[in-house]
Amino acid sequence: MFNLEIFDLKLETELIGRNFIYCDEIESTNTELLSGKQQYKKTGTVFLAEKQLAGKGRKDRAWLSAKGLNLTFSILLTKETFADINPNHINLAASIAVAEAIENLYQLKTELKWPNDVLIDKKKVAGILVETSIKGSNIERMVIGMGINLNQIAFQGDFNFPPTSLKLQLGADINRENILAEVINNFEDLLIELEKTPKNIINDWRSKCEMIGDKITITENDKVKTGIFHDIDENGYLLLKKNDSIERIHFGDVSFF
């Protein structure tokens, strides 16, 4: 059982996580926060579920997480919160928040995989899914869903990058309250940094992506592109080098060639 008192003691934020919702089971924390229900109007709301019956990653892929062993949660931001922030940068900040939490608490080396995964030893330990609610041409709400493998030691299914967990890496049980608070603390600090100097966040993400310079394959639907992961641009899009040209990639699954 998640201990709210321990979590609250570790939380150092002014906004993110101060409205905290916990439940045993739900279809999807992202979908719930995007629903626009009255109880989900406050920016910074964090919704944690022990089990998501319809948890998902990119392209509606199922995210399967053993009940009570990991962290599956979402953070709500309203348009006032990110009015001066490039929404694409928030995805980068969320990845950094998770990576730095793991490094700070457990001294494990992490790596960021474009666009939204955190790896340890080339194995996926966390994934992030940013979804929005749009009214007209404006984003009204943004939800950042995070799944972090903590204490699960067996995974079923086919994976582009094999999964791992912090318990598999460390050989010990992981305190869920500590790492959730650390991720949220980091995320709020990074949002503040994004408002001031977004370039710093882009550089931080770039420094943690070891795939830059490697030959990669990008798959999106039925299209496959191969080239060199040249860099990310000022918006966080991947720059793919093919011969003497650079192509900007907005979406896609990245794998080693």
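I started with Glu50, which forms a salt bridge with Arg176, the closest N and O atoms being 2.8 Å apart. I count a salt bridge when a side-chain nitrogen of Lys or Arg is within 4 Å of a carboxyl oxygen of Asp or Glu. The model is predicted, so local features need pLDDT of at least 70 and side-chain atom pairs pLDDT 80 or more, while totals for chains, interfaces and linings use all residues. Residues are numbered from 1 along each chain as its sequence is written, and side-chain values use heavy atoms, without hydrogens and water.

I placed the two partners next. Glu50 is in strand E2 (residues 46-52) and Arg176 in helix H5 (residues 176-196), 126 residues apart. Helices (H or I, at least four residues) and strands (E, at least two) are DSSP runs, numbered from the N terminus. Buried or exposed? Glu50 counts as buried at 6% relative accessibility, and Arg176 is buried at 7%. The cut-offs are under 20% relative accessible area for buried, over 50% for exposed, and partly exposed in between (1.4 Å probe, protein chains only).

I then went through other salt bridges; the structure holds 17. Asp231 and Arg206 meet at 2.7 Å, N to O. Asp231 lies in strand E9 (residues 223-232) and Arg206 in helix H6 (residues 198-207), so this pair ties together parts 25 residues apart in sequence. Asp231 is partly exposed at 21%, and Arg206 is partly exposed at 26%. I also found a salt-bridge network of Lys109, Glu111, Lys122 and Glu210.

Glu140 pairs with Lys79 at 3.4 Å, N to O. Glu140 is in strand E7 (residues 138-148), and Lys79 is in the loop between strand E3 (71-78) and H3. Ile134 also contacts Glu140, as well as Ile139, leaving aside neighbours within four places in sequence. Contact means heavy atoms within 4.5 Å. Ile134 is exposed at 54%.

I looked up the cores. A nonpolar core is a set of buried Ala, Val, Leu, Ile, Met, Phe, Trp, Tyr and Cys residues joined through side-chain atoms within 4.5 Å. The largest has 60 residues, with Phe73, Ile90, Leu166 and Phe187 making the most contacts inside it. Helix H3 (residues 87-106) gives the largest share, 11 residues.
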